[in-house]
Each structure stands twice: as structure tokens, then as C-alpha cells.
Amino acid sequence: MITSPSSLRRSERSRRATLDAALALCTEKGYGRVTIEAIAARAGVSKKTIYRWWPSKSAVLLEAFTEALVDATPFVDTGDIAADIRTHVTGAVRLLSTPPFGPAYAGILSELHHDDELAETVRTQLIEPRFAEAVARLRRAQEQGQIPPGADLPLGVEMLYGPVYYRHVLRKPSQDEATVAALVTHVLRALGAPEP
């Protein structure tokens, strides 16, 4: 069946309204108090429409968070791996520090322990693709001679993201630019990158 352009626009409008409503409610009420019913009412769509596209409120918020994260944390290649990674990590820290994204993601992470399907979705649609992009960016730096051959690039990515998520999950103050710069310097040094 071919979908008409008008129904595609209508579907995109409904999808966007649903994502925006979920994020707004998460900011206003907190993750735990957001319901599919409230999302549907705020978005002006039916619960049936939401459940046709997402199995749970966590899935709605995960899609909204993932879109925002991808936009806020590009893997640019200016030829300066330290600057590029600082920009990337700073974008992630800012997003996680900004309602509704930080609280929404904290709520999603808390649900992972109770929802195996959500855990798998987070892993396959968010974590693994972003991890692979980060490793690929480090690999390009390695090919450019900025990181030595043989460096453990996946471990380097874990070393970059670990402190960011540690602070987020434990609700510690976010890293400032100087702390992000120090983190990036330490990780690149651990990978054997020459000092700038």
C-alpha cells in the first residue's frame, strides 16, 4: 500500500507532537509521573496512535532523547582529535544537564533494570551506534597519526563516556569545560596520543 503525502505529513506531525509532549511532561511532572494517557492528551493524539509507534512511555522518551543527543553530539573531524572530542563530550554533558533531556534519560536508565525489551532497545538503537561512531572517529585520528597504532580504541571510548554517565546517574554536578578538557587530555594520553 502506498501512503499519500498528506498522511505522511499528518503522521510526522503526530509523531513530533507526541515526542514534544512527552518531553514537556517529563520536565513538568518528572519521569515517574508521565503516563501514556497524559502524553496522548497533551499531544492531541489517541493512545492507540502512541501504542502503534511505541510500546511504552520509555520508548517515546528514548526516541526523543536519541534525536536530541545525535543533534547535540556530532562526530566532527577538523583534524584535531582533542578539540573534536572536547566538542562532542561537551555537547553530551550540556544535553544531560538540560531538562527535559537529563531527567528523561535518567528515567529511561532506571527502567532498564526492569524492562529487558527497553534495555535491548537502548543498547541497539542508542548505545551501540553511538559507541561505534565514537570508535570510528578515534580510528580516523589513528589513521591520521594522532593516536598510535595498537591503541585500545573501544576502551578509550568507555573512558570518555564513563565519567559523564557516572556524574549523570549519581546526580553529581556536571563537568564544566575545564573538566571535560582534562578528561579528554587524560584519555588521549592513556591511548598514547602525543601531547599537543
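Helices (H or I, at least four residues) and strands (E, at least two) are DSSP runs, numbered from the N terminus. The model is predicted: local features need pLDDT of at least 70, side-chain atom pairs count only at pLDDT 80 or more, and totals for chains, interfaces and linings use all residues. Residues are numbered from 1 along each chain as its sequence is written, and side-chain values use heavy atoms, with hydrogens and water left out.

The protein chain holds nine helices and zero strands. Read from the N terminus, its elements run α-α-α-α-α-α-α-α-α. The C-alpha trace spans about 55 × 40 × 30 Å along its principal axes. The chain has 196 residues, and 42% of them count as buried. Buried means under 20% relative accessible area, exposed over 50%, and partly exposed in between (1.4 Å probe, protein chains only). Contacts (heavy atoms within 4.5 Å) were also examined by sequence separation. Among those between residues at least 6 apart in sequence, 65% join residues at least 24 apart.

Helix α5 covers residues 81–96. It has 16 residues and reaches 22 Å from its first C-alpha to its last, close to the 22 Å expected at 1.5 Å a residue. The expected span is 1.5 Å times one less than the number of residues in the helix. Of the 16 residues of α5, 12 are buried, so the helix is largely enclosed by the rest of the structure. The buried set includes Ile 81, Ala 82, Asp 84, Ile 85 and His 88. Val 89, Thr 90, Gly 91, Ala 92, Val 93, Leu 95 and Leu 96 are buried as well. The buried residues of α5 pack against α4 (57–72), α6, α7 (116–143), α8 and α9 (177–190).

Asp 80 caps the N-terminal end of α5, with a side-chain oxygen 3.2 Å from the backbone nitrogen of Ala 82. Thr 90 lies in helix α5. Its relative accessible area is 14%, so Thr 90 is buried. A polar atom of the Thr 90 side chain lies 2.7 Å from the backbone oxygen of Arg 86.

Tyr 51 belongs to helix α3 (residues 47–53). At 42% relative accessibility, Tyr 51 counts as partly exposed. Tyr 51 and Ala 82 are 31 residues apart in sequence, and their C-alpha atoms are 43 Å apart in space.

Two loops have backbone features of note. Pro 100 is placed in the loop between α5 and α6. The peptide bond from Pro 99 to Pro 100 is cis, with omega near 10°. Arg 171 is found in the loop between α8 and α9. Arg 171 is not a glycine, yet has a positive phi of about 60°. Its relative accessibility is 78%, so Arg 171 counts as exposed.

Arg 171 also belongs to the lining of the largest pocket. On a 1 Å grid over the protein atoms alone, a cavity is a set of points where a 1.4 Å probe fits but cannot get out, and a pocket is an open set with protein on both sides within 12 Å along at least five of seven lines; lining residues have an atom within 4 Å of a point. Grid points are joined across faces, edges and corners, and a volume is the space filled by probe spheres set on the points. The largest pocket holds about 320 Å³ of space. Its lining has 15 residues, of which Ala 106, Arg 167, His 168, Val 169 and Arg 171 lie nearest the centre. Helices α5, α6 (101–111) and α8 (153–169) each supply at least two lining residues. The lining divides into six nonpolar, six polar and three charged residues. Here Ala, Val, Leu, Ile, Met, Phe, Trp, Tyr, Cys and Pro count as nonpolar, Asp, Glu, Lys and Arg as charged, and the others, Gly among them, as polar.

Gln 146 lies in the loop between α7 and α8. With a relative accessible area of 17%, Gln 146 is buried. A polar atom of its side chain lies 3.0 Å from the backbone oxygen of Gly 79. Neighbours within four places in sequence aside, Gln 146 is in contact with Gly 79, Asp 80, Ile 81, Ala 141, Ala 193 and Pro 194. Ala 193 is placed in the segment after α9. Ala 193 is buried, at 11% relative accessible area. Not counting residues up to four places away in sequence, Ala 193 touches Gln 146, Ile 147, Pro 148 and Leu 188. The C-alpha atoms of Ala 193 and Leu 109, 84 residues apart along the chain, are separated by 33 Å.

Methods. Polar contact = N/O pair within 3.5 Å; in protein donor to acceptor, adjacent residues only side chain to side chain.
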